[in-house]
Amino acid sequence: MTNQHPSWESLVTWVEAGAEGREIAAHLAGCEPCAADAAWLAQTLDAMQGDAAFKAPPDGVRQRAIAAHRQRYPSTGHGKAQRTLPRRSLLYALLAAAALLLFMVVVQRQPSKAAPLVAVTGVEGEVTVTNRDEQTRRVMNGAPLEIGDRLTTGEDGLAIVEFRGNQAAVKVWSNSELSVDDLVVDEGQITALDITCRDGRMKATVAQPMAFTMQAYGNELTTRQGEFEVEYYRDDHSTEVKIEAGELTIANEAGRRTFSEGTELLIWYQTLPGDPLEYPLIYGDETSWRDGEALGLRASQ
Amino acid sequence: MNNPVLLSEQSDRWLIEQSLAGNNGAWAALIGRYERLIYSIPLRYGMSESQAADIFQDVCLILLERLEQLRDHERMASWLGTTTRRECWRHTNRRDRAGPDDPDAFFEQQPSALEHPEVIVEAWERYTALHQALAKLEARCRTLLKRLYFGYPPPTYVELGEELEMPVGSIGPTRARCLEKLRHEMHGENYRVTS
């Protein structure tokens, strides 16, 4: 065994090359920590290369499984699995409802300080908000956001923009910018929400049904309910979208198409020969990442 | 104010509660979390994609039926692994009408050694941990690792350099640093990496 530990980089190269190289092999035989590093690398690279071993079901199959829940639990939220209340409990429930109604009537007569419709939570590092008058302030946990405000996270910044009652939330990673453009409230519930992802990476969760729209780098992303992540790549001006729950409709110059959860997309712009304009291309999920079908590429006139 | 809701970061228990309350997004997130595990088990047992699709549907319906009972279940993946294996047996038995009555006996009689669901579940957990860690990496690292290791054949460093606008000489050291970051994401900062 040689006394000199191999560098991490040389260990990576050694594992990639199929563990050929006697000097490193001899060292690993007598160096438990280095052997553990090599074992981790081998297992991880193996897992990456065997990625298809855990294949996702086709979209149609997944959608049928999701639809089964909709049939069982229609939008009222009362499914077969929910127990019917015993009669005495029903009486208590009615009394409780009456008390709550009375309480609400009393409370509504008092001048109240309502919870903000939009608030910033989970603040870490540098997070600032710039209002319509271009005044910038640092924000703390619980700070409200107004329509027209732009939230920016610094190098070490992280924040969650939460919409009333957890109806929707957007996690904003570092070096990102989000603006709240518009929202519609009906009987205390947000029914429509427009935001813009101006830079960086964010994940939107729409927990309750609403008309949710996010503008992101020339793309309009809309959903009724679900969860998706968006990230902008400055290097090649491409946008990555991962749909983790629900359906997401993406519209841009190339057209409009709806994708379901589990789909990962890369959207970027390509200049056609002899065409000064750029048109967006959307490539499908990861399996067809490199040579997937172009979505509605508009031919140059 | 309540905690923010990020479906993919919620516990199984939370997603089950929400699914029971009629939240279809939570149910979709629950399916999304385990769909690769459920769908892969019949495929690993040598069944066709159409059989795997049928079994996937059956298992999802069983899950939907049992949501209330599974509310406090600690190991959802194990339960799904065992349930999926049982459905593979039922499916095969229904087709052949001649198999043993017990799934364990059936799987022992198979000519090739089939993996026990617990082994598949462990591999799936590693797969999931890997992808969760990859998702936390900065975009450049994630793209580099995916392009280098996930596709076949892998691109040459020259191709990668052009694609990612990186000097060819920096790709090797960068990919090693990205793998180091990946390991920290998976195991924490204290995990040793050869210096």
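Does Arg150(A) count as buried, partly exposed or exposed, and what is its relative accessibility? Arg150(A) counts as partly exposed because its relative accessibility is 22%, where buried means under 20% relative accessible area, exposed over 50%, and partly exposed in between (1.4 Å probe, protein chains only).

This is a predicted model, in which local features need pLDDT of at least 70, side-chain atom pairs count only at pLDDT 80 or more, and totals for chains, interfaces and linings use all residues. Residues are numbered from 1 along each chain as its sequence is written, chains are lettered from A and ligands numbered from 1 in the order in which they are written, and side-chain values use heavy atoms, with hydrogens and water left out.

**Chain A**

Chain A contains five helices and 17 strands; helices (H or I, at least four residues) and strands (E, at least two) are DSSP runs, numbered from the N terminus. Of its 301 residues, 46% count as buried.

**Interface of chains A and B**

The size of an interface is often given as the accessible area lost when the parts come together. Here chain A and chain B bury about 6,300 Å² between them, 54% of it on carbon and sulfur atoms; buried area is the accessible area (1.4 Å probe) that two parts lose on being put together, summed over both. In this interface, 71 residues of chain A are in contact (heavy atoms within 4.5 Å) with 71 residues of chain B.

The rule finds seven salt bridges across the interface, a salt bridge being a side-chain nitrogen of Lys or Arg within 4 Å of a carboxyl oxygen of Asp or Glu. Helix H3 (residues 32–49) of chain A gives the most to the side of chain A that touches chain B, with 12 residues. By class, that side has 31 nonpolar, 16 polar and 24 charged residues; Ala, Val, Leu, Ile, Met, Phe, Trp, Tyr, Cys and Pro count as nonpolar, Asp, Glu, Lys and Arg as charged, and the others, Gly among them, as polar.

Thr143(B) lies in helix H8 (residues 139–149) of chain B and, at 16% relative accessibility, counts as buried. Leaving aside neighbours within four places in sequence, Thr143(B) is in contact with Tyr233(A) and Leu164(B).

**Salt bridges**

Over all chains, the structure holds 22 salt bridges, including those tabulated here.

| Pair | N to O distance |
|---|---|
| Glu35(B) and Arg62(A) | 2.6 Å |
| Arg150(A) and Glu134(A) | 3.3 Å |
| Arg33(B) and Asp12(B) | 2.7 Å |
| Arg71(B) and Glu17(B) | 2.6 Å |

Arg150(A) forms its salt bridge with Glu134(A). Arg150(A) lies in strand E5 (residues 150–153) and Glu134(A) in the loop between strand E2 (127–130) and strand E3 (136–138) of chain A, so the pair ties together parts that are 16 residues apart in sequence. Glu134(A) is exposed, with a relative accessible area of 52%.

In chain B, Arg33(B) is joined to Asp12(B) by a salt bridge. This pair links distant parts of the chain, Arg33(B) being in helix H2 (residues 24–44) and Asp12(B) in helix H1 (residues 12–20), 21 residues apart. Arg33(B) is partly exposed at 24% relative accessibility, whereas Asp12(B) is buried at 14%.

A network of salt bridges links Arg201(A), Glu229(A), Glu231(A), Glu240(A) and Arg142(B).
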